[in-house]
Structure formats: structure tokens, C-alpha cells
Amino acid sequence: MPRGLTDVGLVVLIPALFAVAPFAYDNQLLLFNTMVFLTMAQGINIIYGFTGYLPFGYVGLFGAGAYGASLAVLFLHIPAPVAVLLGGVTALVLSLILSPLLRLSGAYFAIATLAASEVVYYVIANPALAGVTKGPYGINLSVAYSPEASYLTMAAITGFATAVVVYLKRSHLGLSLKAVRDDSLSAEMAGINVGRQRMLALLWSAFFAGLTGATFAWQISVFYPDSVFDPSISIFAIVFCLFGGAGTVLGPILGVVILYGVYNVIGITEPQYFQLLYGVLIMALVLFLPEGVVSLLKRRGMHVL
Amino acid sequence: MLEFSLLAGILFGLFFGLVGLGLNLIFGVVRVVNLAHGDFMMLGAFGAFWANKLLGWNPLVTVPIQGIAFVVAGVVLYYLLVPRLVVLRDFGMISLVLFFGLSQVIEALAVLAFGNDPRSIFLPVFGKEPVRFLGETFPAAWPVSALVSVVFMAAVYLYLYRTRVGATTRAVMASREEAAASGINVDLVSALAFGLGLLLASVAGMLSLFMLGSVAPDFGSGITVTAFAVAILGGLGDPVGTVLGGLLYGIALMMMQSYLPSWANVLPYVLLVATLLARPGGILGKEVRHA
């Protein structure tokens with residue numbers, strides 16, 4: 001099959017599958033959350049898989065998107081689909097503010113983003129700002145409540161995120177990003193603008209987190225700062241992406257399907273056992289399979305997109 | 001109120017210095033960000049709690065006994081995990097993820113073993129009367145905790161600067177390769193530093209029962225960020241600077257709690273981001289930025 005066809009097939013197939021899935025399976029919230037994590041894992045993939053920078057505080061951008069969109073609906077009475085876009089823009093603005101953090105090397109960047117997301121959380125959840133953000137009392141978006149429209153929007157965003165990763169994988173930009181990741185000094189000497197390329201990856205990654213957060217807020221319609229700044233959202237997205245294999249299109253998809261599946265079987269009733277299991281999984285992965293599940297396929301000589 | 005905030009800030013600052021010290025020692029020697037630092041603190045706190053509850057031991061008696069256990073655990077963990085990772089290209093990032101996994105495992109096991117309840121020790125085990133000095137009154141546990149912190153900081157200083165193994169440890173901190181080339185057993189020195197780092201975490205965890213009120217199994221992740229903020233403030237990889245970082249942090253925290261209480265929670269995070277952006281090497285530190 002020509003590779004253009006596989007690419008388009010994958011990008012169209014995923015949202016199409018999700019669009020029809022509610023007719024066959026009635027737990028729509030589970031399907032929705034699967035799309036949320038698919039997009040978040042691809043968002044982590046865009047920045048970590050292609051630049052080596054791992055944002056531990058990725059959820060900060062998700063929460064910023066949720067609040068940006070919600071406040072736009074509540075105060076400016078903007079229609080929800082436009083507000084979703086504004087949520088993405090909110091995350092873009094936040095990531096621009098945080099972009100000086102890209103000057104830091106790996107571990108510093110990871111923890112600095114974690115701290116930055118906590119700052120955003122405490123500012124939004126602060127009772128002193130309740131007039132603007134509703135503080136810890138949460139947001140009620142019932143005016144815009146529309147589970148079907150938000151579900152389909154999420155499906156489209158998931159397809160969009162997949163398309164961007166496919167594009168990165170195929171394009172000159174993706175190749176130069178990987179060069180920067182593997183040896184930034186040599187890449188710089190080969191004429192690649194290291195700072196600009198990293199910035200682009202950060203912005204795409206932030207944009208998807210913002211769109212996803214905004215759509216999530218629209219779907220659940222009543223939420224609190226704790227629920228959209230929950231650190232386990234970052235953790236899940238990172239673990240899913242690493243488990244499947246960062247830097248590939250298929251890896252994060254496999255990671256979400258396998259691990260989010262396991263989570264829904266045992267994670268909700270037995271959260272401690274799930275935490276134990278994924279802690280052990282992360283350690284085993286790093287020690288024995290640092291390239292993720294897709295490396296098992298690659299070892300068998302299969303070509304993985 | 002200003003005098004009280006300053007004095008309390010110094011007492012808490014010494015404690016926070018100890019909180020950051022173990023993390024920073026491990027980073028300085030092994031170049032690993034121990035994201036499970038807070039979880040080892042939690043284990044130290046639970047050890048002291050159960051020894052007090054079941055055996056009636058004073059937490060100060062528990063410290064040397066469980067300290068040995070933490071050193072042994074640290075040496076074993078080091079040899080199990082680190083040598084096979086050091087050779088990898090992306091060592092910094094991979095070790096971060098690995099220790100994150102470890103913190104999840106410890107937290108999950110702690111919840112399974114102890115339940116989700118926060119634990120605290122009845123405050124008066126460190127003396128019933130509040131302590132007065134310089135015209136201000138403090139709970140007895142505060143100066144006792146500060147004193148314990150100072151003793152352990154001094155011990156680390158003596159270890160690093162007055163013993164032979166300490167001299168080799170500083171050589172490894174300066175350059176792993178050159179230390180190995182001059183015949184130093186880098187793995188042994190690093191393993192000892194790792195064990196010492198966990199011992200410091202366990203002591204800081206025990207003191208957290210008094211300084212921070214109570215400790216629950218999920219206590220780890222938040223305090224790890226605080227420890228990291230303290231270490232960054234003083235300079236990552238510079239154990240002596242950590243004492244200064246702790247003092248700055250403690251005083252800033254107490255000032256915030258007195259004058260801007262609703263914003264006090266944000267402080268460690270703001271300090272962390274601001275220091276990293278303005279002076280990534282810490283207040284005293286050298287440049288650490290990379291391309």
C-alpha cells in the first residue's frame with residue numbers, strides 16, 4: 001500500500017471509528033475519555049518523542065484550556081465550538097509565557113513545568129480570585145451542555161492530533177526535530193534553528209492539550225479546579241506515550257488502548273493495585289524496553305509508522 | 001509578628017534544608033533526580049510513627065535504627081537500578097522516569113499496607129512546655145526539629161570534607177569519568193551517597209510529623225517538589241548551598257503565611273520556576289544551561 005494512503009487511512013479511520021462507536025457501545029463517557037487520552041498522549045509524543053523534552057506539568061495546559069474556554073462561554077457568551085478554539089489559544093499563550101523554560105536541560109525542564117502547572121492551578125483555585133475564576137467552587141457550563149457535539153468535536157481533534165504526528169513523522173520538520181533531540185550541537189551546526197524548532201513542537205503540543213481540556217470541560221460541563229488540574233492526567237498521558245513508544249504514530253495509540261483498557265478493568269475498583277501495576281510497568285519499561293511496545297514489533301522486522 | 005515570622009522561618013528553614021539535602025546529595029553524586037525522595041520521607045515518617053505507637057519509642061531513638069535500614073536499602077537500590085542506566089544516552093530523562101515509577105510503587109504499597117489515613121505523633125514527645133526565646137514562644141517540637149536538622153547537616157559536612165570517602169565523593173561530584181580514571185570505585189562511592197541521601201530523607205520524614213502536622217501515604221509527590229525547590233534555590237548538586245536554600249525557603253514561607261496566607265501554597269512552585277529562569281545554577285551556583 002502506498003504510504004500516502006496508509007497515512008490518510010489512519011488519520012481518517014480513528015475519528016471515524018469513534019464517531020460510530022457509540023452506536024455499538026453505550027458507555028459514551030469511556031469512549032470520550034479514551035479520545036482525551038489519545039490526544040494527550042499524542043501531545044506528549046509531539047514534544048517528548050520529537051525533542052526529548054518531557055513536560056511533567058502537561059496537565060497545566062489542559063486545565064488552562066478548560067478554564068480559558070469555560071470563562072469565554074460564561075463571561076463573553078461565546079458559542080462553545082469557538083470557545084474550544086479559544087481554549088487552545090489560552091494554552092498557546094501559556095506555553096509562550098513558559099517557553100523560556102526550554103533553555104533548561106531535560107530534568108530541569110520536566111520539573112519546572114510541573115511547578116508551573118501547580119502555579120496555574122493555585123492561581124485559578126485561589127478563593128481570592130473567585131470573582132473571575134470561581135476559585136475552588138468550580139465551573140458550571142450547563143448553558144452550553146451538549147454531549148453529542150462535544151463528543152464529535154473531540155473525535156475531530158483526535159484525528160487532527162494524529163495527522164500532525166503523521167506529518168511530523170514524514171516531514172523535514174520532524175526529521176530536524178529528531179536531529180535536535182539526538183545531538184543539539186550538531187543539529188545547530190548543520191543549520192537547524194534549534195530554538196525555533198523546539199518552540200514549534202512545544203506550541204503544537206500545548207495547542208492540543210488546550211483544545212482537549214476545553215472539549216473535556218464542555219463534555220462534563222460541571223467541574224472543579226482539582227478535576228482539570230489533576231496531576232494524574234499528565235502521568236497517564238506520559239505513561240501511555242512511553243509505554244507504546246514515543247516518536248512513532250502508532251506507539252501512543254497502542255499505549256492508550258492497552259493501558260487505558262487495563263485501567264478501566266481494574267483501575268477504578270482497585271486504584272492502589274493499578275498504581276502499583278503501572279509503577280512496576282514504568283520501571284520495567286525503562287529498564288528492559290526503553291523504546292516502548294513498538295520496539296517489540298520493530299525487532300520482528302515490522303515497519304512501524 | 002515580623003520577629004515571630006523571622007524566627008519561625010529560621011527554624012523551619014533548617015528543617016527544609018534537611019528536606020532538600022538528601023535529594024541534592026544524590027543529584028550531586030549520582031546525577032539522578034530522585035523523584036521518590038518524598039516517598040522515602042513518607043516511609044521514614046511511618047517508621048517513626050509505628051515505632052512510637054507499637055513500641056512506645058521516642059522518634060529520636062528510631063532515627064539511628066531505621067537510618068541503618070535506609071542506608072542498606074539505598075546501597076541495594078543503587079546497584080539494582082543505576083549502573084545499567086548510566087551507560088544510556090538519555091540518562092537524565094530516563095532516570096527521572098524510572099524514579100517516578102519507583103515513587104508510584106512505594107506510594108501504592110504504602111496505601112495497601114497502612115491505608116489512606118494521615119498519621120501524626122502526639123506533639124509533646126519532644127517536651128511538654130512551649131519554648132521561649134528572644135521574646136517569642138514556639139512549640140517545643142520546632143527547635144528540637146531544627147536542632148536535629150543542624151546535627152545531620154553538620155554530619156554531612158564532616159562526611160564530605162573531613163573523611164577520606166568524603167573526599168572521593170567530592171571527586172565523583174566534580175567528574176565521574178576523571179574520578180574513575182584516578183582509581184576511585186565510583187559505584188561504591190555513589191552507592192554510599194545514595195544510601196546517605198535516603199537516610200537524610202528518612203530523618204526529614206520523621207521530623208515532618210511535627211513540622212508539617214501529619215503524613216499520609218500520598219505525602220511524597222508534593223514534598224518532593226518542595227525538596228527540589230529548596231535544592232534549586234541553593235544550587236542543584238551543591239549540598240552546602242542547600243542549607244542556604246532551606247533558610248531562604250523557610251523564611252519566605254513563614255512571611256507568606258503571616259502576611260498573604262491564601263498564597264502561601266504557591267510559594268515553592270513560584271520560587272522554583274523563578275530561580276530556574278533567573279539563575280538556573282541557584283543563588284550561589286554556576287551556570288548549568290545547555291544549548
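How many residues of chain A are in contact with chain B, and how many of chain B with chain A? In this predicted model, 37 residues of chain A touch 34 residues of chain B, where a contact means that the C-beta atoms of two residues, placed from the backbone, lie within 7 Å. Residues are numbered from 1 along each chain as its sequence is written, while chains are lettered from A and ligands numbered from 1 in the order in which they are written. As this is a prediction, local features need pLDDT of at least 70 and side-chain atom pairs count only at pLDDT 80 or more, whereas totals for chains, interfaces and linings use all residues.

On the side of chain A that touches chain B, helices H5 (106–125), H9 (184–189) and H14 (271–288) of chain A each put in at least two residues. Helices (H or I, at least four residues) and strands (E, at least two) are DSSP runs, numbered from the N terminus. H5(A) gives the largest share of this side, with 12 residues. Sorted by class, the side has 26 nonpolar, eight polar and three charged residues. Here Ala, Val, Leu, Ile, Met, Phe, Trp, Tyr, Cys and Pro count as nonpolar, Asp, Glu, Lys and Arg as charged, and the others, Gly among them, as polar.

Across the boundary, B:Val111 sits in helix H5 (residues 91–114) of chain B. B:Val111 has 19 other C-beta atoms within 10 Å, so it is partly exposed; buried takes 20 or more such atoms, exposed 12 or fewer, and partly exposed is what lies in between, with C-beta atoms placed from the backbone. Beyond its neighbours within four places in sequence, B:Val111 is in contact with A:Gln272, B:Asn116 and B:Pro217. B:Val111 and B:Ala216 are 105 residues apart in sequence, yet their C-alpha atoms are 8.7 Å apart in space.

Now for the build of chain B, which has 12 helices and two strands. Helix H1 (residues 2–30) of chain B packs with helix H6 (residues 141–162) of chain B at an angle of about 35 degrees, with the axes 8 Å apart. Axes are lines fitted to C-alpha atoms, for helices over the stretch in contact, and angles run from 0 to 180 degrees between N-to-C directions. Among the residues of H1(B) that meet H6(B) are B:Leu14, B:Phe15 and B:Leu18, and those on the H6(B) side include B:Trp142, B:Ala146 and B:Met153. The residues of this contact divide into 13 nonpolar, three polar and no charged. B:Ala141 also belongs to H6 of chain B, and B:Ala141 counts as buried because it has 22 C-beta neighbours inside 10 Å.

For chain B the spans are about 55 × 45 × 35 Å. Of the 305 residues of chain A, 53% count as buried; of the 291 residues of chain B, 52% do.

Finally, a word on confidence, given by pLDDT, the predictor's confidence in each residue from 0 to 100. Chain B has a mean pLDDT of 87, and 93% of its residues reach 70 or more. Confidence in chain B is lowest in strand E1 (residues 131–133), at a mean of 76, and highest in helix H9 (residues 186–211), at 95. The model scores ipTM 0.81 and pTM 0.85.
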